[in-house]
Amino acid sequence: MTSVEVRDIQLPQTMQRAMAKQAEAEREKRAKIIHAEGEFSASQQLAAAAQVIDSQPATLQLRYLQTLTEIAAEKNSTIVFPLPIDLIQMLLEGRGSGNGKDDATENRKVSWPPAAAA
């Protein structure tokens, strides 16, 4: 049986720096892989959520209300309450037809310059 004993070993500074750089590069590589896997998992979850929302339109409204509840639970918060575009269009269309003008006047085409009077 042979016995080996290792005593004080001195590594050159250049080799120590090279080993440290290699270890740091390996850590960065692992961190990037973990980050990419997390992004991939998040994108899959978002795609699944989009499918659920697409199949059940009420889920979007419920999620919206849940988010408002979470925001309101915090003190000193300002809530910006967006209005759906469809609602704004309905309001604008309603305003245009209820101003007392008849539709014939509203839809009349005007040409420019006016035709010369004969």
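Here is a short briefing on the structure shown above. It is a predicted model, and its protein chain has four helices and zero strands. Buried residues account for 1% of the 118 residues in the chain, so under the cut-off used here that is the share with under 20% relative accessible area.

**Fold and confidence**
- Reading from the N terminus, the elements of the protein chain follow the order α-α-α-α.
- The mean pLDDT of the protein chain is 80, with 79% of its residues at 70 or more.
- Confidence is highest in helix α1 (residues 13-55), where the mean is 95.
- At the other end, helix α4 (residues 103-106) has the lowest confidence, with a mean of 49.
- Where pLDDT is low, the predicted coordinates should not be read in detail.

**Surface**
- The protein chain has an accessible surface of about 11600 Å², and carbon and sulfur atoms contribute 59% of that.
- A nonpolar patch lies on the surface, made up of Ile79, Phe81, Leu83, Ile85, Leu87, Ile88, Met90, Leu91 and Leu92.
- Leucine 91 counts as exposed because its relative accessibility is 54%, and the cut-off for exposed is over 50%.

**Salt bridge**
- How many salt bridges does the structure hold? There is one salt bridge in the structure.
- Its partners are the side chains of arginine 63 and glutamate 70, which meet at 4.0 Å, N to O.
- Arginine 63 is partly exposed, because its relative accessible area is 41%.
- Glutamate 70 is also partly exposed, with a relative accessible area of 42%.

How values were computed: Residues are numbered from 1 along each chain as its sequence is written. Side-chain values use heavy atoms; hydrogens and water are left out. Patches are made of residues with over 30% relative accessible area and no salt bridge: like charges are joined within 9 Å, nonpolar side chains (Val, Leu, Ile, Met, Phe, Trp, Tyr) within 5 Å. Accessible areas come from the Shrake-Rupley method with a 1.4 Å probe; for residues, only the protein chains shown count as cover. Buried means under 20% relative accessible area, exposed over 50%, partly exposed in between (1.4 Å probe, protein chains only). Helices (H or I, at least four residues) and strands (E, at least two) are DSSP runs, numbered from the N terminus. pLDDT is the predictor's confidence in each residue, from 0 to 100.
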